[in-house]
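Please keep the sequence and the structure in view while reading.

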Amino acid sequence: MITEEDIFTAVALRYPEWADAPYISAKAKGSVAKRLVEIADENNVPVVENAEMANVLSIQNVGSLIPESTYSAIATIFAFIIKLDEENS
């Protein structure tokens, strides 16, 4: 039997100034994915829940740039995070 925990997916992105696009810095499924989110929370790293995007990105390799087809959606997520940071400063 497949549980919700088995299909839970987490993907971490980084977008340093020198990069051409955000890249996948970590990814996990199941209980390891839940721990990845916990670590992000413990370190005040913003977490955005988007299961569809996580599934799309999870098929990419760690270290690879996000697919060009996801640029718009990821840009929206990064803009949301930047706005939250500005509001909380």
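Contact, as used throughout, means that heavy atoms lie within 4.5 Å of each other. The model is predicted, and local features are reported only at pLDDT of at least 70 and side-chain atom pairs only at pLDDT 80 or more, whereas totals for chains, interfaces and linings use all residues. Residues are numbered from 1 along each chain as its sequence is written, and side-chain values use heavy atoms, with hydrogens and water left out.

**Thr9 and its partners**

Thr9 is placed in strand S1, where helices (H or I, at least four residues) and strands (E, at least two) are DSSP runs numbered from the N terminus. Residues up to four places away in sequence aside, Thr9 touches Ala28, Lys29, Ala33, Ala54, Asn55 and Ser58. Thr9 counts as buried because its relative accessibility is 12%; buried means under 20% relative accessible area, exposed means over 50%, and partly exposed lies in between, with a 1.4 Å probe and protein chains only.

The side chain of Thr9 also takes part in polar contacts, a polar contact being a pair of N or O atoms within 3.5 Å; within protein, one atom must be able to donate a hydrogen and the other to accept it, and residues adjacent in sequence count only if both atoms are side-chain atoms. One polar atom of the Thr9 side chain lies 3.2 Å from the backbone oxygen of Ile7, and the side chain of Thr9 makes a polar contact with that of Lys29 at 3.1 Å. Lys29 belongs to strand S2, residues 23-29, and counts as partly exposed because its relative accessibility is 49%. The C-alpha atoms of Lys29 and Ser58 are 8.8 Å apart in space, although these residues are 29 residues apart in sequence.

Ala54, another residue that Thr9 touches, has its place in helix H3 and is buried, with a relative accessible area of 12%. Neighbours within four places in sequence aside, Ala54 is in contact with Thr9 and Val11.

**The largest pocket**

On a 1 Å grid over the protein atoms alone, a cavity is a set of points where a 1.4 Å probe fits but cannot get out, while a pocket is an open set with protein on both sides within 12 Å along at least five of seven lines, and lining residues have an atom within 4 Å of a point. Grid points are joined across faces, edges and corners, and a volume is the space filled by probe spheres set on the points. The largest pocket has a volume of about 940 Å³. Of the 30 residues that line this pocket, Val11, Ala12, Pro46, Val47 and Val48 are the closest to its centre. Helix H1 (4-7), strand S1 (9-14), helix H2 (30-42), helix H3 (51-58) and helix H4 (71-87) each give two or more residues to the lining, and S1 gives the most, with 6 residues.

Val47 is found in the loop between H2 and H3 and touches Val37, Ala40 and Asp41, not counting residues up to four places away in sequence. The C-alpha atoms of Val47 and Phe80 are separated by 11 Å. Asn44 lies in the loop between H2 and H3, and its phi is near 55°, a positive value in a residue other than glycine.

| Residue | Relative accessibility | Class |
|---|---|---|
| Thr9 | 12% | buried |
| Val47 | 40% | partly exposed |
| Thr70 | 3% | buried |
| Asn44 | 71% | exposed |

A nonpolar core is a set of buried Ala, Val, Leu, Ile, Met, Phe, Trp, Tyr and Cys residues joined through side-chain atoms within 4.5 Å. The largest one has 7 residues, namely Ile24, Met53, Leu57, Ile66, Ile74, Ile77 and Ile81. H3 and H4 are the elements that give two or more residues to this core, and H4 gives the most, with 3 residues.

Neighbours within four places in sequence aside, Leu57 is in contact with Val11, Leu13, Ile24, Ile66, Pro67, Thr70 and Ile74. Thr70 lies in the loop between H3 and H4, and its side chain reaches the backbone oxygen of Pro67 at 2.7 Å. Leaving aside neighbours within four places in sequence, Thr70 is in contact with Met53, Val56 and Leu57.
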